[in-house]
Amino acid sequence: MLGGIYRVAERAGRARAAEWALTSEQVPARVMADAGVVNRVVADDTLLAEATAFARKAAKGPTRAHAAHKALLRAWAVGGVSAADEAMFDIAMPLFETDDVNKGLASAVKAFKAKQPRPAVDFQGR
C-alpha cells in the first residue's frame, strides 16, 4: 500500500521521501543507493548471478546469527537503540550455546592471535 514512503524516509530522510512521493518521479537506482535506500546497484545482465551468489553466501553463513541480527534490527526499527539494547541479551545469549559460535569464536581468536584474516567457517546452523 503506502508503506514504502516511511521506509524510504527511515533510510533517506523525510524530505527526500516526501519529494519522491509527491512528484511520483522515477528515482534511479544509483540515487537510491547514494541516499541509503538500497545498498547495492548491479547491471541488469549480472543481477541474477550476483543475487544468487549473495544468497548462497548468506545461506552458508551463521544462519542463527543472521536471524538474531534481523531480530535486533527489527527491535531497533520499532523502538530505537534502547529497545534493541533491552532485547539484545535475550536474542544473542542463546547463540553462545551453539556449535557454530564455538567454532566461529575459536577460529576468530586463533586468526587474531596469528594476525591473519578470519577464515571461512563451515556453519551448520546448530
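**Fold and overall dimensions**

The secondary structure of the chain consists of six helices, with zero strands. Read from the N terminus, the order of elements is α-α-α-α-α-α. The chain is more spread out than a compact globule, because its radius of gyration is 19 Å, well over the 14 Å that the globule rule gives for 126 residues. Along the principal axes, the C-alpha atoms occupy a box of roughly 55 × 40 × 30 Å.

**Burial, contacts and surface**

Of the 126 residues in the chain, 21% are buried; a residue is placed in that class when its relative accessible area is under 20%. Among contacts with a separation of 6 or more, 33% join residues 24 or more positions apart.

**Charged side chains**

The chain carries 18 positive and 14 negative side chains. The centres of these two sets are 6 Å apart. Across the whole structure, a search identifies two salt bridges, which are set out below.

| Salt bridge | N to O distance |
|---|---|
| Glu10 and Arg11 | 3.2 Å |
| Arg30 and Asp34 | 3.8 Å |

The pairing of Glu10 with Arg11 is a side-chain salt bridge with an N to O distance of 3.2 Å. Glu10 has a relative accessibility of 41% and therefore counts as partly exposed. Arg11, at 44% relative accessibility, also counts as partly exposed, since that class covers values between the 20% limit for buried and the 50% limit for exposed residues.

The second pairing, between the side chains of Arg30 and Asp34, has an N to O distance of 3.8 Å. Both residues belong to helix α3, which covers residues 29-34. Arg30 and Asp34 are four residues apart in that helix, about one turn. With a relative accessibility of 48%, Arg30 counts as partly exposed. Asp34, in contrast, has a relative accessibility of 59% and so counts as exposed, because the cut-off for that class is over 50%.

**Summary**

In outline, the predicted model shows a chain of six helices and zero strands that is more spread out than a compact globule. Buried residues form 21% of the chain, and its two salt bridges are Glu10 with Arg11 and Arg30 with Asp34.

Terms used
Residues are numbered from 1 along each chain as its sequence is written. This is a predicted model: local features need pLDDT of at least 70, side-chain atom pairs count only at pLDDT 80 or more; totals for chains, interfaces and linings use all residues. Side-chain values use heavy atoms; hydrogens and water are left out. Helices (H or I, at least four residues) and strands (E, at least two) are DSSP runs, numbered from the N terminus. The radius of gyration is taken over C-alpha atoms; the globule rule is 2.2 Å times the number of residues to the power 0.38. Buried means under 20% relative accessible area, exposed over 50%, partly exposed in between (1.4 Å probe, protein chains only). Contact means heavy atoms within 4.5 Å. Lys and Arg count as positive and Asp and Glu as negative; His and the chain ends are not counted. The place of a charge is taken as NZ of Lys, CZ of Arg, CG of Asp or CD of Glu. A salt bridge is a side-chain nitrogen of Lys or Arg within 4 Å of a carboxyl oxygen of Asp or Glu.
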